[in-house]
Amino acid sequence: MDFLNNIQAFLVEKLGPAGPLLAVGALGFLLVLLTLPAILKAKPEPFDKLKNQTRGATTPQGQTLRNGSKKVDKLEKFAGFLEPQSAEELSASRLKMLRAGYRSKDAVRIFHFAQLVLGIGLLSVGTIYALVLSHTSGTSLTMQQMVMYTVLPGAVGYYGPRWWVERRLQERQTQITQGFPDALDMMLVCVEAGQSLDQTISRVARESRAGYPALADELEMVSHEVKAGKERVQVLKDMAERVGLPDVTSFVTTLIQSATFGTSIAEALRVYSSEMRDKRVMRAEEQANKLPTKLTLGTMMFTVPPLMIILVGPSVYGIATSMGGG
């Protein structure tokens, strides 16, 4: 016990009241760094080898190819640490990355890798900065300051990629929502001009790229998948799942019902495009009706105080002057 008390006293003397906590954190971080190489170099299980061999195709040289690529994925050996282990969580993460516009097969791994690197990196930088600041200033930092300099940067680094993906997802969905009525109008014009639905989707994708690139990417993917031989109904359902918007889901349902019951696609597009235009007008009116409520706070903060100063200020000044003269 005396030995531990001496170590604690030494740490408090050198690093301040939070010295033992910093020492424990540094020791844990060091143990993690020492353990990672042993875990990453662990031999794969025989069943995992058999599973990988059945999934991939083997070249004459004995190299395993994945998705027709000769390049070995650099993050493949870290997949157990950079991907959710649950199939449901992995599927949800991939769908979220698709909706944010990241279609690479390594998008989920890169996302978790960025969280790990930025979180640990900024936490380490914050810890070093706190130690240097405490040493140069000669005074020990408080617990609040230590948390602010160490934990806060780590939290920013960890949640920063998640915030970025959420922001990209919202931007893409907003862009698709705004450009979808115009795309439906162009589809209606192309269909009535005699083009097929596949040609229409390809033409609308080209025409809408300048104003709505996110919508153009989705339509272009639909066109390429149909040309590749995939069933059109499944392609449309996949697009609705990727986008995740009620308007697109309803549009896909309309097209599928039109193809199933043999009704005119032009008539279905005419009715649905009219509904989308009305919905866009209603959405604009909703935003306009929210504007007075949003302006109320600014009006209260920047209009009422100056008005009160102008109206009441001279009276207050006169009363103060009369009381001072009396």
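**Figure 1. Overview of the predicted model.** This is a predicted model. The protein chain has 13 helices and two strands. Of its 326 residues, 26% count as buried. The accessible surface comes to about 22,000 Å². Carbon and sulfur atoms account for 64% of that surface. Take the contacts between residues at least 6 apart in sequence: 60% of them join residues at least 24 apart.

**Figure 2. Helices H8 and H9 cross.** Helix H8 spans residues 197–207, and helix H9 spans residues 213–227. Their axes come within 8 Å. The crossing angle is roughly 145°. The crossing of H8 and H9 is left-handed. From H8, the contact draws on Asp-198, Ile-201, Ser-202, Val-204 and Ala-205. From H9, it draws on Ala-216, Leu-219, Glu-220, Val-222, Ser-223, Val-226 and Lys-227. By class, the residues of this contact are seven nonpolar, two polar and three charged.

Figure 3. Ser-202 sits in helix H8. Its relative accessibility is 17%. Buried means under 20% relative accessible area, so Ser-202 counts as buried. Leaving out residues up to four places away in sequence, Ser-202 touches Ser-223 and Lys-227. Both of these partners belong to the H9 side of the contact.

**Figure 4. Gln-173 in helix H7.** Helix H7 covers residues 143–192, and Gln-173 is found in this helix. Gln-173 has a relative accessible area of 15%, so this residue is buried. Neighbours within four places in sequence are set aside here. Beyond them, Gln-173 is in contact with Val-243, Gly-244 and Leu-245.

Figure 5. The side chains of Asp-185 and Arg-277 meet in a salt bridge, at 2.5 Å from N to O. Asp-185 lies in helix H7, and Arg-277 lies in helix H12, residues 265–302. The two residues are 92 apart in sequence, so the pair ties together separate parts of the chain. Asp-185 is partly exposed at 22% relative accessibility. Arg-277 is also partly exposed, with a relative accessible area of 34%.

Figure 6. Arg-283 and Asp-247 meet through their side chains in a salt bridge, at 3.4 Å from N to O. Arg-283 is in helix H12, while Asp-247 is in helix H11, residues 246–261. The pair links distant parts of the chain, 36 residues apart. Asp-247 is buried, with a relative accessible area of 11%. Arg-283 is partly exposed, with a relative accessible area of 29%.

**Figure 7. Asp-106 pairs with Lys-105.** Here too the side chains meet in a salt bridge, between Asp-106 and Lys-105, at 3.5 Å from N to O. Asp-106 has a relative accessible area of 14% and is buried. Lys-105 is partly exposed, with a relative accessible area of 47%.

**Figure 8. A network of salt bridges.** Four residues are shown: Arg-103, Arg-172, Glu-218 and Arg-242. Salt bridges link them in a network. The count of salt bridges in the model comes to 19.

Methods
Residues numbered from 1 in each chain as written. Predicted model: local features only at pLDDT ≥ 70, side-chain atom pairs only at ≥ 80, totals over all residues. Heavy atoms only, no water. Axes fitted to C-alpha atoms, helices over the stretch in contact; angles between N-to-C directions. Helix = DSSP H or I, 4+ residues; strand = E, 2+ residues; numbered from the N terminus. Left-handed = near helix turned anticlockwise from the far one by under 90°. Contact = heavy atoms within 4.5 Å. Nonpolar A, V, L, I, M, F, W, Y, C, P; charged D, E, K, R; others polar. Buried < 20%, exposed > 50% of the residue type's maximum accessible area, 1.4 Å probe, protein only. Areas by Shrake-Rupley, 256 points an atom, 1.4 Å probe, with all protein chains shown as cover.
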